[in-house]
Amino acid sequence: NKKVKTLRRADVVKWIETQSKGRIFGVDIIKRTTGGHRYLVARYGVRVHVKGIGMSYDPKAKRLTIVWDVQKHAYRDIAWEGIRGILKAGEYFRVI
């Protein structure tokens, strides 16, 4: 019996935005718009394909984190409340 490791949602968001340092990680999310489940392989801090005009909204005000989807080669907004789990350094953590 393996004990399921857990992390608080705020700690996951903090890790992604401050400590992931370009590392690839997996994240289980529930989409805010459709309620559908999605698993992303992502990186935080990717600045490729940025046009330099800035965003038309403040992601933090909408409780979003912007990541690069490694498989789809596109930016994705992750809603903080939709994060269900994260795979980092080979270990899966369920979000509580």
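Student: In S3, which residue is the bridge partner of Ile29?
Tutor: This is a predicted model, in which local features need pLDDT of at least 70, side-chain atom pairs count only at pLDDT 80 or more, and totals for chains, interfaces and linings use all residues. Residues are numbered from 1 along each chain as its sequence is written, and side-chain values use heavy atoms, with hydrogens and water left out. S2 and S3 pair in the antiparallel sense over six bridges; strands are DSSP runs of E, at least two residues, numbered from the N terminus, and two strands pair if DSSP finds at least two bridges between them. In S3, the partner of Ile29 is Arg38.

Student: Which residue in the turn between S2 and S3 has a positive phi?
Tutor: Strand S2 covers 25-30 and strand S3 covers 37-43. The two form a hairpin with six residues between them. The turn residue with a positive phi, about 80 degrees, is Gly35.

Student: Is Lys31 buried, partly exposed or exposed?
Tutor: Lys31 lies in the loop between S2 and S3. Buried means under 20% relative accessible area and exposed over 50%, with partly exposed in between (1.4 Å probe, protein chains only). The relative accessible area of Lys31 is 35%, so this residue is partly exposed.

Student: Which residues does Lys31 touch, not counting residues up to four places away in sequence?
Tutor: Contact means heavy atoms within 4.5 Å. With that sequence exclusion, Lys31 touches Gly36 and Arg38.

Student: Which residue in S5 is the bridge partner of Thr65?
Tutor: Strand S4 (residues 64-69) and strand S5 (residues 74-79) run antiparallel and are joined by six bridges. In S5, Thr65 is partnered by Ile78.

Definitions and conventions:
Helices (H or I, at least four residues) and strands (E, at least two) are DSSP runs, numbered from the N terminus.
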